[in-house]
Amino acid sequence: MIRLFDGHHAQLVRLAVLLGADQDAEDVVAEAFCVLHSRWYRLRAPQSAAAYLRSVVCNLVRMRIRRLQISRRHAAVRLDPIASAESTAMLHEDQRQVVDALKKLPVRQREALVLRYWMDLKEREIADAMGISNGAVKSHISRGMHALSRAMGTRR
């Protein structure tokens, strides 16, 4: 478990940041490791732990975004989100434009693009992480790339 943490923690924090966890990225990843630890005995193969962690991080970020949307809907005062030190440090200046455009995409398209192009996962692995079919992955990636290209003013 320690090797798993050492080998994947930073990558999972970056994943959480890119999916929209911002200042909660560290907490999301810590919670994902807690979930893995509590369900370790259910894993069919220890080598699937990294894929399981990616899936848990995606789900936790998705739940966090839903909770924020609901609370913002019911809040009388609207606050602008503040970028955390982790999310700021993780991004180079040349990546900020892409990340800003990514944040404007629908959640599923953003997840599919990050898992495909940043984490370099195959369609099947993305489908498993997101809990959707291969065809839906292809659709989210295609639509996401089109929207991202349009937002950044470039052609694919």
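1. Contact here means heavy atoms within 4.5 Å. This is a predicted model, and the points below should be read with that in mind. Start with Gln-109, which lies in helix 6 (residues 107-118). Set aside its neighbours within four places in sequence, and Gln-109 is in contact with His-140, Arg-143, Gly-144 and Ala-147. Is Gln-109 buried or exposed? Gln-109 has a relative accessible area of 12%. Buried means under 20%, so Gln-109 counts as buried.

2. Next, look at helix 2 (residues 25-38). Helix 2 has 14 residues. From its first C-alpha to its last it reaches 20 Å, close to the 20 Å expected at 1.5 Å a residue.

3. Which residues of helix 2 are buried? They are Ala-25, Val-28, Val-29, Ala-32, Phe-33, Val-35 and Leu-36. Look down the axis of helix 2: these buried residues fall within an arc of 160°, so they line one face of the helix. Asp-27, Cys-34 and His-37 sit on the other side of helix 2, and these three are exposed. An α-helix has 3.6 residues a turn, so residues three or four places apart point the same way.

4. Now the charged pairs. How many salt bridges does a search of the whole structure find? It finds 6. One of them joins Asp-24 to Arg-64, with the closest N and O atoms 2.7 Å apart. Asp-24 lies in the loop between helix 1 (2-19) and helix 2, while Arg-64 lies in helix 3 (residues 49-74), so the pair ties together parts that are 40 residues apart in sequence. Asp-24 is partly exposed, at 25% relative accessibility. Arg-64 is buried, at 8%.

5. Lys-138 and Glu-123 also meet through their side chains in a salt bridge, at 3.9 Å from N to O. Lys-138 lies in helix 8 (residues 134-152) and Glu-123 in helix 7 (residues 123-130), so this pair ties together parts that are 15 residues apart in sequence. Lys-138 is partly exposed, with a relative accessible area of 48%. Glu-123 is partly exposed too, at 32% relative accessibility.

6. Asp-128 forms a salt bridge with Arg-124, and their closest N and O atoms are 2.9 Å apart. Where do the two sit relative to each other? They are 4 residues apart in helix 7, so about one helical turn separates them. Asp-128 has a relative accessible area of 47%, which makes it partly exposed. Arg-124 is partly exposed as well, at 44%.

7. Some salt bridges join up. Arg-62, Arg-108 and Glu-111 are linked in a network of them. Trace this one residue by residue in the model.

8. The structure holds 1 aromatic pair. A charged side chain also meets a ring: Arg-116 lies over the face of Tyr-117, at 5.3 Å from the ring centre.

9. Last, His-8. Its place is in helix 1. His-8 is partly exposed, with a relative accessible area of 23%. Which separation goes with His-8 and Ala-50? Along the chain they are 42 residues apart, and their C-alpha atoms are separated by 7.4 Å.

Methods. Residues numbered from 1 in each chain as written. Predicted model: local features only at pLDDT ≥ 70, side-chain atom pairs only at ≥ 80, totals over all residues. Heavy atoms only, no water. Expected span 1.5 Å × (residues − 1). Buried < 20%, exposed > 50% of the residue type's maximum accessible area, 1.4 Å probe, protein only. Arc of directions from axis to C-beta. Phe/Tyr/Trp six-rings, centres within 6.5 Å; stacked < 30°, edge-to-face > 60°. Lys NZ or Arg CZ within 6 Å of the ring centre and 35° of its normal. Salt bridge = Lys/Arg side-chain N within 4 Å of Asp/Glu carboxyl O.
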